[in-house]
Amino acid sequence: MTNLEIQLSWEDPTTGERREPKLALPIAFGREFARLPVELEGQRVSRLLLNSNEISRYHALIVWENNQLIVIDQGSINGLFINGQQQKRGVLIHGDTLQIGPYIMMVALIFNATTPVTNPPSLIQFNPNTNIPDPNLPPTPPITPLGSNFPPPAFQVEQVSVQALHATGLPVDECDYLGVGGGLGSFIWTDLLRISGVRAEKIISLGLESEPYARYKRLCLNSQIPLHERLRSNSDSCPDNIWGWPSYAWREAWRDFTKGKLNTALQYLWQIFAEPTFAETYTPRAANVFDSIDREAKRIAWNQIYRYGRVRAIRKTDDGRYCVAYSRGQGNHAFVVSRYIHLATGYPAIQFLPDLQAYREKYQDFKSVVNAYEAHDHVYEHLERQGGTVLIRGRGIVASRIVQRIYEARRKNLNITVLHLMRSPKPKGNKFEKATRIVKNHYEFQPFNWPKACWSGELRVMLEQATPEERKRLLTDWGGTTTADRQDWQRITEEGLREGWYQITFGEVMGVERDAQNRTITQIQEKGFGQMKLTADFIVDATGLDAKVQANPLLEDLVKQYNLPLNYLGRLTVANNFEISEMRNGKGQMYAAGAITLGGPYAAVDSFLGLQYASLVAVDGLASAHAPGVKRLNAISSFGQWLKWVLNQSPS
């Protein structure tokens, strides 16, 4: 007897998180769990929730009919697509892609038999007449984890022949400088190249969204930082302006001054002169940051440089360059060959606590248990209408913002309670030499995620000169979970504790289950007090994002292919100028930036200023290597480029 399981593989369109569930037939897709069928013809249905407004409540169904795998549209608004073609009802075979709303899934049929077979399930050939696995046929090469036979076999060697690339018949473009990621890190590197004299037609940046801040903006909005709210960023850390002048504070002060708001204009100026001793640290509004990046993107011709593409693999070439294989859409693949590459892939995945992930997989409940970086406005809408209890995990910057958002919801409904679960008390802050961080109500306060001297002061120099072991110790001392020293957040916490609607609990989670009323039950082990249960309508995981290499298929493939060393945090090992030295290929050089380099020569790698610093030293390395078009900035040329920035003129 032969059974089939279906494995669906996709990258979450919001978070980039990779999901590969194995599901038994039949399978129902939809946005609301209650609308999906529980049984069909006596068979239990695998119900898969897809969290998007483009998904109908009950969108599609996959069944096995007449020895074929059939997907059926259930009257959805936006339809479904098989291999890019919209269909109401269609046959799925091994290797097809199924698109439902923004979710593009690769379909794999897994063969299970009661008797052993010679070929493993992943290599079973499918009978062309029945579309079912046939163990008697010779095995076929496995499809790639990314869902196609691309990149081709020529990409499985350490040095790819450029001639072999052209022989594939696929488009092969060439450029001097190639940015992989297309986000803020790529944008800042590109901006500096343009300011240093490189023409736009010599640069390509591959990414999934044309706005370089698109994913960052989405994560901000999901974690309840609307456009009018302030980011946790320094005033003079400007992604649109490498000179940092005028800073965001000066720009905001000037804007208010021209509108006759003299008091607020002076307040911003006072903040930047008196922070942090006499005034709260100034940080820019999200909308102002995004608007300024839009202006700079037009100035440097970002629309000519950016190219849509999902990068599949990177290889050295046999002529001292690098080749990037990327997909431009379903069945539309291409290559780019470049002498210099910059990796800035950001955070590839949300860091989801294992016990909460186990709960979601067990109950298929993506509404009650959410990550702070996922779209979860439904939580606050429910609280404002009906009240309820929210359990928060994590106590960093995002947790503080979630508490503020719930505090705002309590203005509409006082019947809201917050349970803040922390692993252990925090009686005092981290200490380094004579400095100790302030702690109040078990929150450890610091204006930014690292001490400010890590950006451009003595701590930066200390880390750069340290050995790998010394860096581990220094980053441990300087790091830790902190939140911004904001008076409004402190006031909310103290008010909640005093009134009783905000409660802090300490303990280790033993497991998370669901009761008969569909409420979450978190069982914890309290230190010294035994076990207890915390009941909540919602759980918000505010523990952060994941940037380890294994969370990114592209980086994992690169590390395995070239046996690249990783640092103690599981990130890429880079030189002090952020070059991946082991990837040097003749004159070709590869650089990296952002969260994937944490643990190296710089602490605040994922900050605006950290991305700028990594770009500065990388472009300086290119200038030392006499890379084409790159000119070192001196006092005169830098001032000239700054004037062009002020006047909004093209760099070249």
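This is a predicted model: local features need pLDDT of at least 70, side-chain atom pairs count only at pLDDT 80 or more; totals for chains, interfaces and linings use all residues.
Residues are numbered from 1 along each chain as its sequence is written, and side-chain values rest on heavy atoms, with hydrogens and water left out. Local features need pLDDT of at least 70 and side-chain atom pairs count only at pLDDT 80 or more, while totals for chains, interfaces and linings use all residues.

Start with helix α9, residues 377–386; helices here are DSSP runs of H or I with at least four residues, strands are runs of E with at least two, and both are numbered from the N terminus. Its buried residues are V379, Y380, L383 and E384, where buried means under 20% relative accessible area, exposed over 50% and partly exposed in between, with a 1.4 Å probe and protein chains only. Viewed down the axis of α9, these buried residues fall within an arc of 125 degrees, so they line one face of the helix; the arc is taken from the directions from the helix axis to the C-beta atoms. An α-helix has 3.6 residues a turn, so residues three or four places apart point the same way. The packing partners of the buried residues of α9 are β25 (369–371), β26 (388–393), α10 (397–409), β27 (416–422) and β36 (538–541). Just after α9 comes G387, with a positive phi of about 75 degrees.

Helix α9 also turns up in the second largest pocket, giving the most to its lining with five residues. A pocket is an open set of points on a 1 Å grid over the protein atoms alone, where a 1.4 Å probe fits, with protein on both sides within 12 Å along at least five of seven lines; lining residues have an atom within 4 Å of a point. The volume of this second largest pocket is about 1200 Å³, counted as the space filled by probe spheres set on the points. Of its 43 lining residues, R31, N51, F366, K367 and H378 lie nearest the centre.

Over in helix α4 (residues 248–258) sits R251, which counts as buried at 17% relative accessibility. R251 touches C238, D240, N241, P246, S292 and W645, leaving aside residues up to four places away in sequence; contact means heavy atoms within 4.5 Å.

As for disulfides, meaning pairs of cysteine sulfur atoms within 2.5 Å, the count comes to zero. The sulfur of C175 has its closest cysteine sulfur in C323, 11 Å away and too far for a bond. C175 is buried at 8% relative accessibility, and C323 is buried at 0%.
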